[in-house]
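Thanks for coming, everyone. Let me put a new model on the screen and walk you through it.

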Amino acid sequence: MLAWTIYLSFLGAGALTLLPKENARAARWVALAVAGAGAVVALVGAAAYPAGSGLVTVVRQSWVPALGIEYYLAVDGISLTLVVLTGLAAVSGILFSWNVDQRPKEFFAFYLTLIGGVYGVFLSFDLFLLFVFYEIAIIPKYFLIAIWGSTRKEYGAMKLALYSFVGSALVLIGVVAAFIVARTHTGVASFDLEALAAVPFPVQFQCWAFPLVFIGFAILAGLWPFHTWAPTGHVAAPTAASMLLAGVVMKLGAYGALRVAMVLFPAGLHFWQREVALLAVIGIVYGALVALVQKDFKFVIGYSSVSHMGFVLLGLATLNEIGVSGAVLQMFSHGIIAGLLFGVVGRMVYDRTHTRELSQLELMNLSRGLPFAAVTFVVAGVASMGLPGFSGFVAELQVLIGAWGAFPGFALGAGLGILLGVAYLLRTLQRAFFADAPVSSRLPKAAPAEFEPISMPERIGAVLLVGATLAVGLYPRLLLDLIVPSVVPLVQGLQKGAL
Amino acid sequence: MSTVDYLELLKLAAPETIVVAAAVAVLFVDLVIMRDEPMRHRLLIGGAVTGLGCLVALLWLAKVPVHAAVLGGVLVVDPLTQWVKGIVLVLTLCTAALSLHAKFTEHVGEYFTLVLLATCGMMFLVSSDDLLTIFVSLELTSLCLYILTAFSKRDRSSAEAGLKYFLFGGMAAAFTLYGLSLVYGLAGTTNLRAAAAALAGQGLTPLLAVALIMVVIGFGFKVAAVPFHLWAPDAYQGAPTPAAALIASGSKVASFFVLAKVLMLGFAGVEGSGAWRQFSAGWAPLLATLAVVSMLLGNLAALAQRRVKRLLAYSAIAHAGYLLLGLLALANSDGRPEALAALVYYLATYGLTTVGAFGVLGVLERVNGSDRLEDFIGLSRRAPGLALCLVVFLLSLAGIPPLAGFFGKFYVFTAVVGAEPARLGLLWLVALAIALSAVSLYYYLQVLKRAYVVAPVAGADRIVLTWEDRLAVGGLALAVVLLGVFPSLLLSPLGAAIQVAGY
Amino acid sequence: MNGFPWITVLTLTPLVGGMVVLGLGERRQRWARPVALGASLTALLVAGVMWSTFDPGTAAVQWVERYPWVPTLAVEYFVGVDGLGLLMVALTALIVPMALLASGQVRERVPLYFALLLFLQAGLFGTFTALNFFHWFLFWELSLVPAFFLIKFWGGPQRGSAATQFFIYTMVGSVAMLLSFLALFLATGKFDFLEWAELRRAGDWGAALSARLGWSSLSPEALSGLVFLGVFLGLAVKVPVMPLHTWLPATYAEAPTPVTMVLTGLMSKMGVYGFLRLLVPLFPEQLRCWLIPLLWLAVLTIVASAAAAFAQRDLKRMLAYSSINHLGYCLLGIFAALRLSEGVLRPELERAAALNGVYLQMFNHGLTAATLFCCLGFLEQRAGGLRGLEDFGGLRKVAPVFCGLMGIAVFASLGLPGLNGFVGEFLVFKGAFALVPWATALAALGLLITAVFLLTLLQKVFHGPLNPKWARLPDLDAAERLLLLPAVALMFALGINPQLVIRMTNETVLGLIRQLEP
């Protein structure tokens with residue numbers, strides 16, 4: 001049934017292109033219906049998944065027999081978590097782009113195509129299929145940013161597309177090489193991820209194949225120093241696209257790094273473990289430091305994404321159960337929180353004030369003018385700081401515990417990153433929403449009526465995401481019961497393979 | 001020499017015969033019957049006859065499977081050649097469909113005749129295992145294409161392109177002939193397999209090396225590999241668009257296929273190796289070098305182009321590089337069936353995609369009168385369907401799944417790496433190719449950016465498409481998508497054919 | 001084990017109340033204060049029920065509620081109170097209604113203000129009752145957020161930087177603490193305070209830490225010392241221990257008065273509470289190892305802050321420093337009780353005295369300091385924002401009731417016998433002097449300076465010639481009297497009968513001392 005998340009999205013995209021003329025209303029509702037149906041399917045699928053039952057096949061049939069390629073969709077707890085995330089992010093993204101009236105048909109068609117690709121990656125258990133979906137997601141991103149974006153949109157879009165494509169090129173090299181080595185070794189042509197994971201690749205091979213594939217995927221996850229696409233891309237993107245970019249597309253990279261690079265090449269991971277962790281920690285600290293000095297509201301959030309994704313990568317590099325499950329939870333958590341932050345910045349604030357310069361927002365007294373936006377941003381910001389009670393805390397806590405166990409020095413760095421996170425979020429919060437009106441301007445207070453009020457779709461979207469992060473923060477078992485039983489055997493496999 | 005059963009020969013060569021008959025028919029119909037009709041009718045009827053010829057030949061290919069070689073390899077008909085011929089015919093059919101709005105000529109009959117004759121040459125080329133027929137059919141094809149390139153008689157650049165193409169082509173022919181004659185001199189036979197058998201065990205003698213280099217140079221001109229590519233941008237630019245499409249697609253398919261045969265069969269035993277740090281002399285390292293420079297130069301030069309036809313020309317050079325990689329995979333006899341299947345799949349899908357891209361270009365050229373990048377601005381508003389097809393073609397060329405171009409590349413790369421599975425010696429070539437295809441996305445996106453992102457200037461009205469355009473371009477786009485999503489549609493029969501053909 | 005969930009009800013009452021107040025919206029804002037007050041009085045009632053039914057005869061935690069929460073991380077919802085927790089709960093339940101009552105001046109975003117105060121109360125209740133690190137930390141951090149916004153929105157002219165400074169300081173400490181506790185979790189696989197304390201008695205953390213942390217270059221002792229330092233940092237910022245105090249004066253001075261009441265009365269107690277609940281039971285060896293420097297820090301905190309208070313010209317800042325000074329006594333008592341005592345007669349008795357003194361002092365200081373800031377708030381509000389030491393004079397004549405009540409509070413703060421402050425400080429000094437005479441003697445200097453500056457305050461503000469500006473200064477109205485009178489009554493009650501509190505805490509103190517025995 002979960003396969004319908006993919007089909008629905010693509011069918012929806014197709015249906016949108018067939019819609020008559022530029023009927024924005026119809027396009028929106030169709031997109032919302034499709035994304036909503038996808039989210040419902042994802043949630044029902046997650047609820048119906050018996051906890052701890054390992055890998056459950058959704059669809060499996062031969063596709064290209066000549067190369068042993070199969071159309072093989074399956075889920076375990078990790079992928080289900082991310083599928084649910086995608087569903088939530090997709091629905092709220094559409095709610096936050098309710099006001100798109102420039103070429104709405106195409107906008108939502110690209111949007112749904114992207115969503116379909118993302119679902120596909122999370123559900124694929126055939127390496128080739130996974131790669132196909134991974135690349136399908138690239139082009140819609142480009143168009144979404146280049147057409148509907150702002151601030152150097154064409155540059156940002158092209159940079160994102162090329163980075164993604166270079167990343168997938170690295171992955172492709174690794175995939176082809178791994179396939180050939182495995183085929184030579186076993187005599188069977190197969191792209192089945194499980195089968196490939198069982199192949200004992202020569203250690204020497206793993207030592208160079210792992211960084212290749214890992215970096216290829218991690219580029220999309222914002223691994224320092226390959227992160228530079230992220231801030232420009234996020235900033236240039238329209239709200240819904242930046243929500244998706246930070247919310248789920250960056251997760252594609254992390255997911256691929258876990259599911260492909262790490263699982264296939266555990267010895268390689270073992271060999272490069274410290275270096276990976278080092279880059280992750282640098283990313284955490286660097287992202288936070290840069291976010292601290294940004295002048296553009298959205299750049300702050302963009303760099304914060306780099307910093308938070310560093311936690312995911314650090315968690316993955318710990319190679320212990322608690323760290324890896326923390327990383328997976330952090331993927332979910334950051335997806336929700338970043339989506340929320342971008343929603344506030346892009347839709348609630350920018351669409352109304354038409355500026356993102358903190359120095360100009362300071363003058364607008366936004367906590368009065370847009371109280372709902374202010375409250376939402378406070379909640380999202382607090383969640384993003386990793387304060388307890390929100391999903392970010394549980395996730396970062398686990399990552400930190402894992403990091404303490406694996407490399408204590410880096411755990412200190414990550415702790416520093418949390419602190420810096422508090423600092424830049426406070427700074428932004430203060431300047432964007434709660435700056436005192438400057439004494440010099442004797443103008444009457446900016447009247448709240450100046451801004452169009454926060455619309456119902458925005459409210460629903462914000463509540464949806466806040467609810468998700470709170471629910472997971474207060475009752476992490478919701479997801480941990482899904483994640484942990486899948487992570488445990490995976491990590492055990494990794495540790496065994498590393499020896 | 002055995003006696004020839006002409007009836008049998010006719011049966012084996014029936015598709016070619018049908019094409020020739022169609023060429024005569026189109027000439028006759030146009031010059032005799034349709035002489036005074038309006039251009040539109042003449043084009044329609046000419047195109048219809050051409051298409052009919054191709055269709056009948058295709059049907060024959062599909063319905064009458066044969067497997068035989070006559071006259072010691074002068075004409076070899078096996079399932080694989082039948083498939084390649086089929087592909088060539090389909091490409092010709094599409095070219096014909098794109099020609100229905102030609103404004104570059106009044107000589108409709110001659111035009112279609114030349115197209116059909118070129119096709120006939122290509123078909124013979126595919127079918128020959130013999131040096132002599134290879135050369136003759138190569139010349140037949142080439143001569144027709146020279147004329148087609150210069151067919152737009154009112155256009156100076158067309159004439160210039162024709163001349164350039166002709167001069168380069170003539171030189172290439174000389175090289176080829178010289179190389180082939182050396183082979184004949186060394187082996188004493190014109191049959192490829194026999195020549196290889198005769199030369200077996202000698203290794204790469206200096207004379208054979210010269211022959212090899214000459215042959216590769218000659219074919220290098222044909223397939224526009226660097227450094228023998230200089231004619232290509234000008235020819236693509238100057239030739240009438242349908243002619244350029246044919247040069248870029250059908251001719252390329254046939255040339256690559258025959259080059260594969262010549263190297264694989266005729267120079268068996270002197271493959272050498274292009275593996276990393278394990279070079280050994282032979283045609284494999286030669287091809288590796290050509291492939292590397294072609295990919296590099298093609299992709300990098302394409303970045304700087306402002307005219308889409310030239311851009312496609314450089315992209316074609318880059319693709320020639322990828323295809324040369326595919327040829328390289330043939331050097332190892334273990335993975336040969338796979339490599340051959342990959343090569344033919346790539347050729348077929350590349351041909352379809354290129355014809356499609358030229359089709360879109362043709363429509364735009366008709367409306368705007370030129371092919372500058374700026375002319376693509378606002379295409380998605382002016383003709384959404386056409387823009388979508390352009391997306392499909394260009395992204396397929398860039399190698400984005402789920403389009404055919406992606407799978408083609410993937411399969412070729414797998415085959416190349418699989419040709420040296422033990423030490424992954426050829427991975428460096430594949431890595432380079434993959435990296436450069438990442439570069440290629442940039443220039444394809446430059447076109448798509450204009451089509452989708454840049455706002456159209458006011459007053460740019462919708463482009464009206466005729467049903468032929470819709471059918472041809474739409475059908476090609478659909479084929480590219482379908483072959484990408486279900487590669488087995490082509491791969492399974494190809495695999496079977498290769499097995500039967502016994503490579 | 002899980003009877004009626006008193007503690008959960010206690011924590012949820014202000015939380016739900018806060019939600020309701022928030023839901024009122026700006027249009028029904030006049031209902032905000034009554035509803036908030038209702039919620040906090042309900043909480044007071046619940047606390048009262050707990051106080052009266054508390055079994056003082058045992059050191060064990062009572063009203064335990066325990067449910068699994070995140071099994072993979074050994075996280076449970078585990079709450080309960082012993083004497084210490086009960087005392088803090090009672091203090092919180094008392095002070096917050098006072099703060100709400102003193103908030104009549106709030107005009108802007110009224111519902112939000114009261115909601116935040118109630119959230120803050122919920123956070124405090126949660127912190128003082130949690131026995132599992134996970135939700136303890138949750139409440140510990142969450143109480144920060146309302147405090148931050150309360151300062152940020154309703155504070156004085158420098159509120160922006162004050163709020164940020166406050167938040168950043170505390171976060172730095174929190175992260176250090178978090179990292180340390182994560183290390184403990186790695187070593188033990190537990191997040192449970194009581195189990196940690198049990199485990200610690202079985203042996204030091206060092207070995208387990210170095211086995212699990214893989215930080216091979218450090219010896220086990222150094223490692224557990226590092227972990228200890230992290231926790232210490234987190235708590236010391238909150239108390240604050242000098243020299244980590246620099247956030248405090250600005251914050252207290254800029255925060256609106258009712259918030260300062262909560263900050264000084266309750267949030268600073270979070271730090272001391274953390275010392276007693278976590279640092280002392282979990283790291284006695286480390287504390288002992290660093291005892292001399294720590295005692296010096298305590299002395300520094302006491303003396304230097306008193307001296308700083310003496311130098312202040314702003315009344316609010318003066319009281320802020322005085323707060324630091326009073327909490328220094330708590331530290332002195334705690335550190336003294338840790339001293340391994342050769343040659344001291346009946347050391348456990350002295351320890352009991354010192355620690356009971358600490359408990360009492362926490363409660364007393366909470367009450368007294370909150371009352372003082374409350375009075376200062378009334379004064380400031382009447383004087384139109386002026387609060388300099390030199391701005392007033394002779395107020396005794398125009399506002400006798402106010403001066404009388406505030407005078408009592410000042411004397412309580414100063415430690416006049418018969419008032420609550422005296423007993424606590426006396427017990428601390430009595431115990432500490434026997435255990436660490438030199439430090440106590442030095443600390444007594446602080447008492448002296450405190451007396452000097454508080455008397456200066458009395459003299460400059462209440463006595464002397466009447467500043468003609470304030471000739472028409474109104475005295476306290478009925479509502480304000482109603483607010484201050486119970487507090488002052490409680491000061492007398494505790495001063496005369498300290499058993500009221502000590503009865504509740506004594507067993508807990510003895511339990512703690514038993515834990516400390518090597």
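Predicted model: local features only at pLDDT ≥ 70, side-chain atom pairs only at ≥ 80, totals over all residues.

What about chain B and chain C? No contact joins them. Their closest C-alpha atoms lie 38 Å apart.

Let's take chains A and B. Here 29 residues of chain B are in contact with 27 residues of chain A. Which elements of chain B give two or more residues to that side? They are helix 18 (404-418), helix 19 (427-453) and helix 21 (488-501) of chain B. Helix 19 of chain B has the largest share, 13 residues. Now the classes. The side of chain B that touches chain A has 23 nonpolar residues, five polar ones and one charged one.

Next, chains A and C. In this pair, 24 residues of chain A are in contact with 23 residues of chain C. On the chain A side, at least two residues each come from helix 18 (391-406), helix 19 (408-432) and helix 21 (477-498) of chain A. Helix 19 of chain A gives the most, with 10 residues. By class, the side of chain A that touches chain C has 18 nonpolar, four polar and two charged residues.

Now chain B by itself. What is it built from? Chain B has 21 helices and two strands. Its C-alpha atoms fill a box of roughly 70 × 50 × 40 Å along the principal axes. The radius of gyration of chain B is 22 Å. A compact globule of 503 residues would have a value near 23 Å, so chain B agrees with that. How much of chain B is buried? Of its 503 residues, 62% count as buried. And look at the contacts in chain B with a separation of 6 or more. Residues 24 or more positions apart account for 78% of them.

Let me zoom in on one residue. Thr289(B) sits in helix 13 (residues 283-303) of chain B. Thr289(B) has 16 C-beta neighbours inside 10 Å, so it counts as partly exposed. Val226(B) is 63 residues away from Thr289(B) along the chain, yet their C-alpha atoms are separated by 9.5 Å.

On to the helix pairs. Two packed helices are described by the angle between their axes and the distance between the axes.

Helix 11 (residues 239-264) and helix 14 (residues 321-353) of chain A have axes that come within 7 Å and cross at roughly 160°. That makes these two helices of chain A roughly antiparallel. The crossing is right-handed. Who makes the contact? From helix 11 of chain A, the residues include Ser242(A), Ala246(A) and Gly247(A). From helix 14 of chain A, they include Gly335(A), Gly339(A), Gly343(A) and Gly346(A). The residues of this contact divide into seven nonpolar, seven polar and two charged.

The other pair is in chain C. Helix 10 (residues 220-238) and helix 12 (residues 257-282) of chain C pack at about 150°, with their axes 7 Å apart. That makes this pair roughly antiparallel. Val231(C), Phe232(C), Leu235(C) and Lys238(C) in helix 10 meet residues of helix 12 including Gly271(C), Gly274(C) and Phe275(C). By class, this contact in chain C has seven nonpolar, three polar and one charged residues.

That's the tour.

Methods:
Residues numbered from 1 in each chain as written. Chains lettered and ligands numbered in written order. Contact = placed C-beta atoms within 7 Å. Helix = DSSP H or I, 4+ residues; strand = E, 2+ residues; numbered from the N terminus. Nonpolar A, V, L, I, M, F, W, Y, C, P; charged D, E, K, R; others polar. Rg over C-alpha atoms; globule rule 2.2 N^0.38 Å. Buried ≥ 20, exposed ≤ 12 C-beta atoms within 10 Å, placed from the backbone. Axes fitted to C-alpha atoms, helices over the stretch in contact; angles between N-to-C directions. Parallel < 35°, antiparallel > 145°, perpendicular 65-115°, else oblique. Left-handed = near helix turned anticlockwise from the far one by under 90°.
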